[in-house]
Amino acid sequence: RARWRAADGPAAPALAVSSRAGEPLPMVLTVRYAGCAPTRLRPVADAAGLVALPAPPAEEVHVYELTVQIEAAVQSADRWGATSSEGDAPPRPPPASLRLCGLVLPPRSVPLPPPTEALRLLAFGDSITEGVLCRTRSKSDEGGDLGCNSVSSAWAWLLAQSLGADATVVSFGRQGWTVAGNGGAPAFCESWRSLCAGAARFGGAAGGAASESGAAS
């Protein structure tokens, strides 16, 4: 979530990411400016490591509020990763992850504090929480998982909107208390304390195998 004042009117910002240039990530983002309909975007970094975002609408005041979230991910892609086998080396991020390095604003823009909600919601879940088949009912209709899944149409995101809360959704299709989830996620009882393999969610050592990734955040 970001907010800024532009000196020269609407111009497109960009996400700075850590991924291979020209290689589409196995996910779809939702890009939303305040008061506007969302745009779905398949992130592809250029040679400079930037993912171009849509330009904001024209506003008299030139103040823009942007929200970017992971809307859907390929269920079979590795969203968990593996711990490093090189001693004390840090864990390797999952191949199917969006590693943000920053937001590049248009020239002469002034960053402003992003809006925050009084409440925060953290939701864990399976395919229902991840919004599998919430956009269309058949994976053959439009681009498989990326076309038919929609976390912003699922219960957790809608509940957060109703409560006026900032939401973090951590979900893996098929995952249960003792059942592993799609994308390489361990069972919930082993993974909920972690962001991904080897990375603790709440600080300290990652318990069990380690978790997050999910559909959106």
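At 24% relative accessibility, Leu133 counts as partly exposed, a class that lies between buried (under 20% relative accessible area) and exposed (over 50%), taken with a 1.4 Å probe and protein chains only. Leu133 sits in the loop between helix H1 (127–130) and helix H2 (145–148); helices here are DSSP runs of H or I with at least four residues, strands are E runs of at least two, and both are numbered from the N terminus. Although not a glycine, Leu133 has a positive phi of about 65°.

The model is a predicted one, so local features need pLDDT of at least 70 and side-chain atom pairs count only at pLDDT 80 or more, while totals for chains, interfaces and linings use all residues. Residues are numbered from 1 along each chain as its sequence is written, and side-chain values use heavy atoms, with hydrogens and water left out.

Arg108 is another non-glycine residue with a positive phi, again of about 65°. Its place is the loop between strand E7 (100–104) and strand E8 (110–112). With a relative accessibility of 60%, Arg108 counts as exposed.

Now for the overall picture. The protein's secondary structure comes to four helices and twelve strands. Of its 217 residues, 42% count as buried. Taking contacts (heavy atoms within 4.5 Å) between residues at least 6 apart in sequence, 64% join residues at least 24 apart. The protein exposes about 10900 Å², with carbon and sulfur atoms supplying 55% of that area; accessible areas come from the Shrake-Rupley method with a 1.4 Å probe, and for residues only the protein chains shown count as cover.

On to the strands. Strands of a sheet pair through backbone hydrogen bonds, either parallel or antiparallel. Two strands are taken to pair if DSSP finds at least two bridges between them. Arg5 has Val63 in E6 as its bridge partner.

Strand E2 (residues 14–17) points Ala14 and Ala16 one way and Leu15 and Val17 the other way, yet all of them are buried. E2 runs antiparallel to strand E5 (residues 50–52), with three bridges joining the two, and Ala14 stands opposite Ala52 in E5. E2 also pairs with E7 in the antiparallel sense, over four bridges; here Ala16 has Gly102 in E7 as its bridge partner.

Last comes the surface. Leu119, Ile128, Trp155, Leu159 and Leu163 make a nonpolar patch of about 490 Å². Patches are made of residues with over 30% relative accessible area and no salt bridge; like charges are joined within 9 Å, and nonpolar side chains (Val, Leu, Ile, Met, Phe, Trp, Tyr) within 5 Å. A salt bridge is a side-chain nitrogen of Lys or Arg within 4 Å of a carboxyl oxygen of Asp or Glu. The largest share of the nonpolar patch, three residues, comes from helix H3 (residues 155–163). Leu163 has its place in this helix and is partly exposed, with a relative accessible area of 47%.
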